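This briefing is intended for a reader who is new to protein structure. Please keep the sequence and the three-dimensional view at hand while reading.

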Amino acid sequence: MEWTSLNDIREKYLSFFESKGHLRLPSYSLIPHNDKSLLLINSGMAPMKKFFTGEEEPPRHRVTTCQKCIRTPDLERVGHTARHGTFFEMLGNFSFGDYFKEEAIPWAWEFLTQTMEIPADLLWPSVYEKDDEAYAIWRDKIGVPEKHIVRLGKEDNFWEHGPGPCGPCTEIYFDRGEKYGCGKPDCKPGCDCDRYMEVWNNVFSQFCNDGNGNYTELEHKNIDTGMGLERLACVMQGVDNLFEVDTVRAILNKVTEIAGKTYGSDKNNDISIRVITDHTRSAMFMIADGVIPSNEGRGYVLRRIIRRACRHGKLLGINRAFLTETVSVAIGESCGAYPELAEKKDYILKVISIEEERFDATVDTGLSILGEMMEKAEGKVLSGEDVFKLSDTYGFPIDLTKEIAEEKGFEIDEERFKELMKEQKDRARAARGNIGGWSDSAKDLLSKLDTTEFTGYSEYTSDAKVIAIISDNTLVDEITEGEFTLVLDRTPFYGEGGGQVGDTGLIYLGDVNDSDMTAVVTDTKKTDGIYLHICTLDHGSVKVGDKVTAAINAERRESIKRNHSSLHLLQAALRQVLGTHVEQAGSYVDAERGRFDFTHFSAVTRDELAQVEAIVNRVVLSGVPVETIVTDIEEAKKLGAMMLFGEKYGKVVRVVKMGDFSTEFCGGTHVDNVSKLGLFHIVSEASVASGVRRIEVVTGTNVLSYFAEKEALIAETAKELRLQNANDIAKKAAATVAELNAAKHEIEALNSRLAATKLDAIMGNAVNVGSVKLATAKIDGMAVDVARSLGDEIRARFADVVAVLAVCSDGKLNFISVAGADAVKAGAHAGKIVSAVAAVTGGKGGGRPDSAMAGGRDLDKADAALAAAKSALEGMLK
């Protein structure tokens, strides 16, 4: 067999199965589509589960793919061995009720022995111990000697995952040679040693498990083949592990070049080199598929991977941003098979760069605080409270805390940490309260009611019948006063959902101007298809069975429709300007404005916002009609409708189409022509969470109201600045800022001269403590920032001095402690000294060895606190 590159192996495999009538499909995204059971795609068959179960029709009954996969259960082990990795590619050929064992086994053998030219005597098939059919094919059809066929038990050669389709499998092992073996005479596949490496696994999905261990034959049998591309590359390139495979080794070489290290010369360095190499690949592919670093879900997995790589860079002595360099190499190695990597290169590098900068901003503080916590820890256990503080206050991930702690021989109280995290979530949940405004006990009352017919897409007023009245969580027959909830058989009132608020309006008996009963609808909710009208009775009484008229506030609904439609246009424009990684992360629409949350890695610039606004307004002015299409989900997908990630859709869906510009799944209400938005304006853009941005917009007459408010503000500002012409505001503001800056500089200069006069006096009272000098002083009336500058001056000018300053100003007490370079080397720690000093007054604080600050409480004890500095310093000098 000849040395073959990983990229060539991939192409040979896919081409081979194309020649066998298979449809070559591109790799599915790492983000599972309509599958909440997975965080990330972790196997070749995972994206095609519904083809296997029959829930969806495959594009062809023979398919071949090379699927990107991420597995992170052993994330902490990655790097520590050469076997573990988070990213891999899985080659697969699949049959959905088409061919079976008679074809699958010979094709596997043909590809390995003829296409790849692997010597047959180095290959060992294994079969499930009861699968005589597969055994016979290997022996009689392929001609493999019986001594080279191994029967293994259910644990090794039978695939099942709970109830459902399952079946035996046959695997093909490659004999790496005696040097990898255990030396036992009966060594063969199934042995725990490293001699035999599995390269091919054919799963024969032929049974259905009822969950109780009973198996029945499937009418339509399937083939699920999995073969790790990197494993086969190890065989074809004669290397021991995935980090030696050509495309991976190229990344590894870049890491060693940046770090100035030699791979294989130091165990700890090798661990870090492997971590960065592996995590570079994972991060690159995850970002390309739309994952953005965050603190939840797959975004958190990405954040952990990037930050773990950053930290191992620091362990290698790389004290600068470097991951964009390793990712650039990785893109070059894989973009031939995955062209989206080249297309999205700038975006991928931008996300990596920003996350690396964010980590650098927190890691040094986190590491310093973690070090102090370890020093103070009882025994070798970090408390759950400390770990929680690191995570909650300083943004230091628990995974990183745990890994660093283990390296130092510490354990963490993870159970207590989880308790504190749960308490925090419970507090947040309690603070939010019952967002839906509808109690569980009240929902139970509705369980026997029929669903409500919603007429509000086409009607603003509908005749209806009262089928239930709820007051104080109780079903009643009649209401004569107060607040209550009405359930009708049909309604034009939109129930809050999909980010759109519920309608308001009136429900009345008789003529609206002379009604026997009028109820004011203040809100509308929806639960399990039942619409709940939250009402206040204006006059009269209402009974179950009454025939009523339900009329929404039409003007309010029109405003809501404009704002809702504008968000569809906004999303399409954002994807044009920022990139197709933009996905909806939440929305809210009422009569005043629309709010759109979306995935993006950084603040949207002023120019980008202007582009987005201009695009939307051009579409509005074009007068594109808005179509609403009710169809099945497959037809909707063919229309190119955008789906809300994680949302579960039924078989019948509603698609809102705005020309060729926007097509989305949506159950909300919309204008029938985009021109009815009138005008679109972006009010604000901000961050709401890591990797999630928020834009607020106004449309129609709300734009006029917004501009009127701004004009009034401008006029008032001009008046306060005593300007005749509002157009001069910018010039006046710039002049005022310049005056303030000049005054500030003058004050700073005066403070510096004041501090300089204090310095000589402070140092004149310094005393010797061991090999260093200690200077203490109580300073009244000096600003804290000036006192800190004074401390920095002492630290810079006097290397062997420790200084502690008590600053009393405006009734507040603060302590500042500094230590020169030689004093720190002698054992002085400014953070610990200031902590001890502040404690005398009932205060607390701390900081770095060379500079620290603390707050005090009892001003009368300031002198006593300064006196305590000497004993604190004496206790730490070497």
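Predicted model: local features only at pLDDT ≥ 70, side-chain atom pairs only at ≥ 80, totals over all residues.

Residues are numbered from 1 along each chain as its sequence is written, and side-chain values use heavy atoms, with hydrogens and water left out.

**Helices H1 and H3**

- Helix H1 covers residues 6-18 and helix H3 residues 101-115; their axes come within 11 Å and cross at roughly 130°.
- Helices (H or I, at least four residues) and strands (E, at least two) are DSSP runs, numbered from the N terminus.
- Axes are lines fitted to C-alpha atoms, for helices over the stretch in contact, and angles run from 0 to 180 degrees between N-to-C directions.
- In H1, Lys 12, Tyr 13, Phe 16 and Phe 17 meet Trp 107, Glu 110, Phe 111 and Thr 115 of H3, where contact means heavy atoms within 4.5 Å.

**Helices H8 and H10**

- Helix H8 (residues 267-288) packs against helix H10 (residues 323-334) at about 70°, with the axes 9 Å apart.
- H8 and H10 are therefore roughly perpendicular to each other.
- Ile 276, Thr 280, Met 284 and Phe 285 of H8 meet residues of H10 including Leu 323, Val 327 and Ile 331.

**Nonpolar cores**

- A nonpolar core is a set of buried Ala, Val, Leu, Ile, Met, Phe, Trp, Tyr and Cys residues joined through side-chain atoms within 4.5 Å.
- The largest nonpolar core has 109 residues, and Phe 111, Trp 200 and Met 286 are among those with the most contacts inside it.
- Helix H12 (residues 345-376) supplies the largest share of this core, 12 residues.
- Apart from this core lies another of 32 residues, among them Val 582 and Phe 596.
- Beyond its neighbours within four places in sequence, Met 286 is in contact with residues including Leu 30, Ile 70 and Arg 298.

**The loop between S13 and S14**

- Asp 472 lies in the loop between strand S13 (461-471) and strand S14 (474-476), and its phi is near 55°, a positive value in a residue other than glycine.
- Asp 472 is exposed, with a relative accessible area of 73%.
- Asn 473 lies in the loop between S13 and S14 and has a positive phi of about 60° although it is not a glycine.
- Asn 473 is partly exposed, at 40% relative accessible area.
- Buried means under 20% relative accessible area, exposed over 50% and partly exposed in between (1.4 Å probe, protein chains only).

How values were computed
Parallel < 35°, antiparallel > 145°, perpendicular 65-115°, else oblique.
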